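Open the model in your viewer and keep the selection tool ready. The tour moves stop by stop, and each stop says what to select.

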Amino acid sequence: MAHDTDVVAEAEREAGIEVGEETARPVPLPAREPIDRSGQPLLSVQYVTRQIDGQTIIDNVSFNVWPGEIFGIMGMSGSGKTTLLRLLIGLDRPDSGEILFKGESITELSEDELNRVRKSMGMCFQYSALFDSMTVAENVGFAVRNRRDLSQDQRRRRVAELLDMVEMEGTEDRMPADLSGGMRKRVSIARALMEEPELVLYDEPSSGLDPIMACNISGLIKKVSTDTGSTAIIVSHDVPNLLGICDRILMLHDQKVQMIGTPDELREDDTPVVHRFVHGLGTADMTEHCSMR
Ligand SMILES: Nc1ncnc2c1ncn2[C@@H]1O[C@H](COP(=O)(O)OP(=O)(O)OP(=O)(O)O)[C@@H](O)[C@H]1O
Ligand SMILES: [Mg+2]
């Protein structure tokens with residue numbers, strides 16, 4: 001009797017699919033230039049503290065992100081990653097400390113001034129946050145809906161270009177409710193890129209996706225960042241994908257920065273919480289199975 005693998009191979013041959021060693025090899029991601037950290041950081045977070053309902057969520061956090069960098073922020077659920085991201089784009093303000101974007105402090109800016117700064121930023125929210133009553137094209141083009149300097153045709157072309165970039169070409173007229181989780185993520189990435197931002201912030205871009213789609217989305221983020229030269233900040237607890245695409249990663253724990261380093265530095269770090277997080281080890285009873293990793 002034929003093994004399952006023989007049956008699959010036979011079916012693939014009949015369908016004209018060749019899965020030899022050559023075709024199975026993944027296409028390499030674009031090569032990245034080394035990041036120049038000698039100039040002004042694109043984003044500088046200095047001694048930032050945020051309290052909510054009397055509880056400290058972010059405590060004296062400082063770090064810099066340089067132009068072109070893919071910067072990861074990881075930490076356990078509830079460690080304050082989304083809170084930090086909201087501070088970075090001025091959706092929330094720190095209780096103390098300062099956040100500078102291209103050398104300009106954004107902590108004291110008025111809402112109007114913040115809107116000017118936010119034009120250089122694209123945000124991809126944790127739950128995709130698409131408008132369910134709008135088509136894919138309307139969602140992607142939302143940020144430029146009132147811009148008079150863009151003709152309808154230019155807008156349509158830009159939307160098509162972005163959908164092509166995230167491999168969602170031809171989906172302009174579909175509604176978000178008809179899309180899978182991975183497709184919604186792709187649309188929200190396209191939407192974040194609409195105004196050609198210098199900085200794109202992604203909150204949990206791979207959460208809720210299967211491991212293959214999570215890997216595809218991470219690869220897409222790396223490709224888009226490298227192709228456009230934009231800077232990316234990715235908040236996630238998807239350790240393998242963060243390690244796979246980031247230039248540097250910050251680990252947030254106990255409201256503080258536990259470590260900032262390259263993926264290799266994180267893999268080798270022996271601070272207990274960093275080691276456990278990076279290698280997926282538990283802390284409670286009955287987590288022996290994790291020590292096999
Ligand atoms: N508006 C708010 N009101 C009260 N508490 C809040 C608010 N926003 C955040 N918090 C609290 O701040 C802490 C950090 O929340 P945050 O959403 O930033 O975590 P996270 O690291 O993004 O978690 P996850 O990985 O689950 O998305 C949590 O304890 C949360 O309950
Ligand atoms: Mg979050």
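**Stop 1: the ligand**

Select ligand 1 and T83. An oxygen atom of ligand 1 lies 2.6 Å from an N or O atom in the T83 side chain. That is a polar contact, meaning a pair of N or O atoms within 3.5 Å; within protein, one must be able to donate a hydrogen and the other to accept it, and residues adjacent in sequence count only if both atoms are side-chain atoms. The protein covers 60% of the 640 Å² of accessible area that ligand 1 has on its own. Accessible areas come from the Shrake-Rupley method with a 1.4 Å probe; for residues, only the protein chains shown count as cover.

A word on what you are looking at: this is a predicted model, in which local features need pLDDT of at least 70 and side-chain atom pairs count only at pLDDT 80 or more, while totals for chains, interfaces and linings use all residues. Residues are numbered from 1 along each chain as its sequence is written, chains are lettered from A and ligands numbered from 1 in the order in which they are written, and side-chain values use heavy atoms, with hydrogens and water left out.

A polar backbone atom of S79 is 3.2 Å from an oxygen atom of ligand 1. For a polar backbone atom of G80, the distance to an oxygen atom of ligand 1 is 3.0 Å.

**Stop 2**

Select β1, β2, β4 and β5. These 4 strands form an open sheet in the order β2-β1-β4-β5, with antiparallel pairing. β2 and β5 (104-105) are the edge strands, each pairing on one side only. Two strands pair if DSSP finds at least two bridges between them.

Zoom in on β1 (residues 43-52) and β2 (residues 55-65). They pair in the antiparallel sense over 7 bridges. Pick Q51: its bridge partner in β2 is T56. Pick V48: V61 in β2 stands opposite. Then go to the hairpin of β1 and β2, which has 2 residues between the strands. There D53 takes a positive phi near 50 degrees.

**Stop 3**

Show R118, M121, M123, A143 and E195. Of the 21 residues lining the largest pocket, these are the closest to its centre. The pocket holds about 620 Å³ of space. On a 1 Å grid over the protein atoms alone, a pocket is an open set of points with protein on both sides within 12 Å along at least five of seven lines, a cavity is a set where a 1.4 Å probe fits but cannot get out, and lining residues have an atom within 4 Å of a point. Grid points are joined across faces, edges and corners, and a volume is the space filled by probe spheres set on the points. β6 gives the most to this lining, with 3 residues. The lining divides into 12 nonpolar, 3 polar and 6 charged residues.

Next, select V27, L29, C215, N216 and G219. They lie nearest the centre of the second largest pocket, which 15 residues line. Its space is about 370 Å³. α8 brings the largest share of the lining, 6 residues.

**Stop 2: the cavities**

How many cavities of 30 Å³ or more are there? The count is 2. The largest cavity has about 60 Å³ of space. Its lining includes P205, S218, I234 and L242. α9 gives the most, with 3 residues.

End at the second largest cavity, about 30 Å³ in volume. Among its lining residues are L87, R93, I106 and L114.

Notes:
Nonpolar A, V, L, I, M, F, W, Y, C, P; charged D, E, K, R; others polar.
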